[in-house]
Structure formats: C-alpha cells, structure tokens
Amino acid sequence: MEVTIRIPSGDGRLAVLGAADRNLKIIREVLGVNITSRDGNVRLNGDRDAVHIAKGVLDRLASRSGDWSRQQVLELISDESSRHTSGASITSGPGGFLGWEGDLSVYAGGRRIAAKTINQQAYLDAIRDHDLVFGIGPAGTGKTYLAVAAAVHLLKQDSVKKVMLVRPAVEAGEKLGFLPGDMEAKVNPYLRPLLDALHDMVDFQTIRRFIDSDVVEIVPLAYMRGRTLNNAVIILDEAQNTTSGQMKMFLTRMGHGSKMIVTGDVTQIDLPDPTVSGLIDAARRLRRVSGVAMVYLDRTDVVRHPLVQRVIDAYGEDRDGAAGEPPASS
C-alpha cells in the first residue's frame, strides 16, 4: 500500500519530520514502512496496517508545533498501533506467521511474558511483523530474553518447527583454554545466557526432549556455514562479536518460513579490533532494506536490578545510535 501525505511548512514541518528527519527514521525502524520526504510530501509504502498506523502518527505529529522527543514519538506509535488493532488477538505478519497481541505464552506453567517498556513492545512487534529483526541496546534491556520468549511462543503455536540458538564463541577478555567434553559441553559456557532464558520459560524435561529431537538446537556460529534453515526461529546473540564475514554468512542461512533475530550491544565488543564488528556493519548496510527491522533499546529499557541502569550510566553505555541510524535522545 502507498500513501502520500502533504506536510505543513515552517514549525509544522519540523514537528512532523523532526531534526534531520528523526521522526521518520523512528517510524521506519518500528513499523518497517518505507518513508521518503520530498517537496513538502511524505510518501509511505509497505504493509497496509503499518502504513495506516504511520499515517495516523504523522497526522498527530502535525497537530502541534515544536520538537517531539523520541519517547513521545514511540508513545504515539504504540497508541496508534493499539487503536488500529483494537479487538484483535492474533495477527499474521508478512512472513505468514501467526503473531500475537498482548502477552507471549510460554511452556512453563502456562506462564505469560509481556514487554515492560515501549521500546520492548516495539521490539516484540517488529519480531511479529518482520522476518529479520535487529535488537540493539545495552545490557539488561531484555534483547535476548524477549527474543527467546517470542521464539518459544511461535514454537508453542506450531508456527515454526524449530528454534536455533546461536552465539559466536568469543571470550570476554579471558582465555578459557581447552574445554573437555563433546561439542555441547564445549560451547555451553558461551551459550549459557541463551540457555538461562530458555530454562526460565520451558521446564527441564521439555528442553531435554526438544534438544534430543532437534526441535531446539544450540550451536556456535562457526557451525552455521553451509546450512539452510526452513520453518525456524534463529536467534544470533552477542552479535557485536561477529565479523562482517560471519554476519553475512549467518544472514544468508535463512530459509523459507523462517525468522532471524539478531541481538547485540555495540558497547561491549570483545573482538581484537572493535571496528570490524559485523553488527555495526550490518546495521549500516541493512537499515534501509525493506523487510528488515532495526530496534534500538536504551538505558530506560533496563529491567534488571535498578543498579544496572546506574552502572550503564557510569560507564557511558547509554550512547544512542552506536550502530546504524542513531536514535535520538529523549
């Protein structure tokens, strides 16, 4: 669907576009629509529902002059999305997946998981509506946890047949040396954060059964080469520690009926040369590619102990936009 909107001049134009077209970039990131601004017009192109929501947001931005903060724009998007989907319980995204409105249903005791911040909701919405999603932000913002929750939810719905958890085997400044055991034992220390999230949602016996039957596969990134993955959710965690070549290799593994979720924190790169991070490179290359969603989380999305947010502030990890299009500060 394509819609063209005439925007006001002067202060009204700034209110709609934001400084350096910031508001348009936020709408593009969250809703996955193509947006171009030229000669006083904004053109929207993409999924019908997403275009309707984007148009509603732009109309409301134009309703008052002045500068809107990133947080305010995200709240408008969330509000318009709620209005547009009012009364719906299940949606179908571009990839043909059954989606969700509201909480995610996981296996452990009928437990349900919900976003706790607006950015987290935007992240879950992007996973629902796109086949390739990048979740970029500091520690404790729920990037990995929500990705695993979405994957488990889709598996429980029978929307996918497999969940694959992938991580580069890069040590965080310490040499672990030779690790005994089979491959699962060797990679377990690197993949522990993914397993922790999984164990929080699925009981041990079910996880063991899923792993034994290959419904859940846990692999280091190096073992992905040459594979094609159909009808699966594939999560790449700690993606800031991939090289550009590794990232390209991973992204080209996607098969029919699959989703990929790439998570990372560009302030915690453990590569010998941090400038070659595949996550930063991918965010720059793919930020305008149709069908790819980039969601940025920040210190306001930290859901761990309150001290974690203060630690992030102390270390300066709340810098927006270290990769790709920089999200504006609230």
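Me: Is N241 buried or exposed, and what is the relative accessible area?
Reply: This is a predicted model, in which local features need pLDDT of at least 70 and side-chain atom pairs count only at pLDDT 80 or more, while totals for chains, interfaces and linings use all residues. Residues are numbered from 1 along each chain as its sequence is written, and side-chain values use heavy atoms, with hydrogens and water left out. Buried means under 20% relative accessible area, exposed over 50% and partly exposed in between, with a 1.4 Å probe and protein chains only. N241 is therefore buried, with a relative accessible area of 3%.

Me: Which backbone nitrogen does the side chain of N241 reach?
Reply: N241 sits in the loop that runs between strand 9 (232-236) and helix 9 (244-251), where helices (H or I, at least four residues) and strands (E, at least two) are DSSP runs numbered from the N terminus. From this loop, the N241 side chain reaches, at 2.6 Å, the backbone nitrogen of D270.

Me: How are helix 5 and helix 6 placed relative to each other?
Reply: The axes of helix 5 (residues 118-129) and helix 6 (residues 143-156), which are lines fitted to C-alpha atoms over the stretch in contact, with angles from 0 to 180 degrees between N-to-C directions, come within 10 Å and cross at roughly 40°. Contact, meaning heavy atoms within 4.5 Å, is made by Q120, Y123, L124 and I127 of helix 5 and by K143, L146, A147 and A150 of helix 6. Angles under 35 degrees count as roughly parallel, over 145 as roughly antiparallel, 65 to 115 as roughly perpendicular and the rest as oblique. The two helices are therefore oblique.

How values were computed. Polar contact = N/O pair within 3.5 Å; in protein donor to acceptor, adjacent residues only side chain to side chain.
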